[in-house]
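Please read the report below alongside the sequence and the three-dimensional view, which are shown next.

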Amino acid sequence: MSLNSELSELFGLFAALMDIRGESAFKAIAFSKVSRILKDTTIDLKAAVEDGSLKKIEGIGASSQRIIEQYVKTGRSDDFEEVAASVPPGLIPMLQIPGLGPKTIALVWKQCGVTTLEDLVKAIDEGKLACLKGMGEKKIQGINEGIALRAQAGKRIGIVDALPIAEALLQRLRELPMVDMAEVAGSLRRRCETIGDVDLVCAPRDESAGAAVAAAFVKFPEVQRIVVQGSTKASVITVGGMQVDLRIVPADNFGAAIQYFTGSKDHNVKLRGLAAQAKMTLNEWGLYRLDAYDKGDKKPGMAPSIKPVASKSEQEIYKALGLSWMEPELRENRGEIEAARDGKLPRLIELADIRGDLHCHTTGSDGQNSIEEMAEAAIARGYEFLAITDHSKSQVIAKGMSAERLVQHAANIRKVGERLKKITLLAGCEVDILADGRLDFEDAVLAELDWVVASPHVSLKQPSDKATDRLLRAIDNRYVNVIGHPTGRLIFGREGLSPNLPKIFAAAAQSGTALEINASYPRLDLCDSHARGAIEAGARLSINTDAHSTGEFGEMRYGIHVARRAWATAKDVINCWTAAQLRAFIAKKRG
DNA sequence: GCCGTTTTCGGCCCGACTGTTTTCAGTCG
């Protein structure tokens, strides 16, 4: 695990421990924030400790800095260990149980001696919890259900599984005659790589039709089980076991609702702070002037009776707060609010900006389709160029090619390119970066190609410094144009390499080597925060599907999501350049 | 714990829901 993720985890645990200890919730929130900052950042913490730049990061104060410094130097933290020693570690996983929070956990620990989940189950069975203050029959039943729920589900799912189902449900909602507007919200709208549940928001044409919309929604064929069904909300479990929450709001409050339920939580918290500074209050119903709001009539489940400053559209709400509208992918409180205030939001890359794919496979190695079929599929997508990059010889399982076969393959690619004319085909290779940073082919072989993607496939658990040297060596090779899936991580699968990213980004920028956002799920590698670090360091990105069949070119959209979350514009991504620009990019590095 | 054109002290987002309550605490998103 990298130093950054170790420290991120430490601060996350620290926050949980403080919660259970009953310290000020704001302290725990502050440490959670530090945990998230460390998870997102690509800065080299060792270097930041040495040059004292740590405390310049907003959200990291004196205490956090002290903890990080000690941890970087010694691999441990006195502050953390002291707190950890005072709370049984078995209590921490209990925070994951729905309906069970820090206060209740502390109560059963101190009053009943519960220190593990097993203890808790036993205490419930023996009726020990019933004698606690504020603990009734229903609450105990709720905890029991929470434990069961946690055991059977609670797992996040990949965007690749969630998005198609959400889009199908959205389509059905929009086709309902009584529905005026419907939209996806939540982490799915922000295009996060994994999501907990799907949030949908819709507005009926007639405000009284809420119950009818909910009734129609729970009968959709994708729905397996109904959790809640009312006139303002319906919650269901789909056939695939995914939870989908539908909120039904008046059309006049649609913008506020979708803004609110899109989040992120951190983004909304910051926005509410801005509202408060301007003597306003922001909630899921709208943005209101504070003095009027306090006097207004409020009933649960209904819009406040007073006139809002803004509520119909997101644009209105942001505008009233002095901000331009923000793309959902940016709403993570990673500087987008300041950028929107200063008119410095990027024009994010779109799928339509992509002119070609620079990493795919054919039957030459482990792909399903021929060179011609892949090229025709690329033309059908409107691409101007396509790089065919089959595996090198070390990838025996993937039918990796010998040098002789590769040269013949390149000749075949060029022949197809000349015949088709409508597209520029680049004869390339995905060459393995061996564990020590050597490439799987000699330079003389690579020099025969138009395009080289160099990727790590083995030794993905090597130490950070070795991984750094390995990738730097590949970047240094004049024939290497892209580092493919640079860390080798798999979502839900493996952590992959954790190289010193600032060094990698700087070398890539300086040498004219692009870094890949591999669009194939579950790779999505680089991830969003890494890709953003690369852009900030001046490196170019390349979004590629790594398609092993013509159908997989369609995965480009998932790579675009990552790039947008990384604040990428079309100029940052070489797939948006013209074929001529690409040729110049190649020629410049070859020298 | 963090932060500062309302502050170096005193705030820190807001509403809904639930359960165990006679006015509120805990949890969730």
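## I37 and its surroundings

Residues up to four places away in sequence being left out, I37 touches I57, E58, G59 and I60, where contact means heavy atoms within 4.5 Å. I37 belongs to helix α2 (residues 25-40), and with a relative accessibility of 14% it counts as buried; buried means under 20% relative accessible area, exposed over 50% and partly exposed in between, with a 1.4 Å probe and protein chains only. Between I37 and G554 there are 517 residues in sequence and 32 Å in space, taken from C-alpha to C-alpha.

This is a predicted model, in which local features need pLDDT of at least 70 and side-chain atom pairs count only at pLDDT 80 or more, while totals for chains, interfaces and linings use all residues. Residues are numbered from 1 along each chain as its sequence is written, chains are lettered from A and ligands numbered from 1 in the order in which they are written, and side-chain values use heavy atoms, with hydrogens and water left out. Helices (H or I, at least four residues) and strands (E, at least two) are DSSP runs, numbered from the N terminus.

## The sheet

Seven strands form an open sheet with parallel pairing, in the order β10-β11-β12-β13-β14-β15-β16; two strands pair if DSSP finds at least two bridges between them. At the edges stand β10 (356-357) and β16, and because each has a single partner strand, one side of each is left without a neighbour in the sheet.

Together β15, helix α22 (residues 528-536) and β16 make a right-handed β-α-β unit, right-handed meaning that, with the strands pointing away from the viewer, the path from the first strand over the helix to the second runs clockwise.

## The nonpolar cores

The largest nonpolar core has 94 residues, and those with the most contacts inside it are L200, F217, L515, L541 and I543. Helix α9 (residues 159-175) gives the most to this core, with seven residues. A nonpolar core is a set of buried Ala, Val, Leu, Ile, Met, Phe, Trp, Tyr and Cys residues joined through side-chain atoms within 4.5 Å. Neighbours within four places in sequence aside, F217 is in contact with L173, L200, V223, A234, V236, V244 and L246.

## An enclosed helix and the cysteines

Because nine of the 10 residues of helix α23 (residues 556-565) are buried, this helix is largely enclosed by the rest of the structure. The cover over its buried residues includes α9, β10, β15, α22 and β16.

The structure holds zero disulfides, a disulfide being a pair of cysteine sulfur atoms within 2.5 Å. The sulfur of C192 has its closest cysteine sulfur in C527, 12 Å away, which is too far for a bond.
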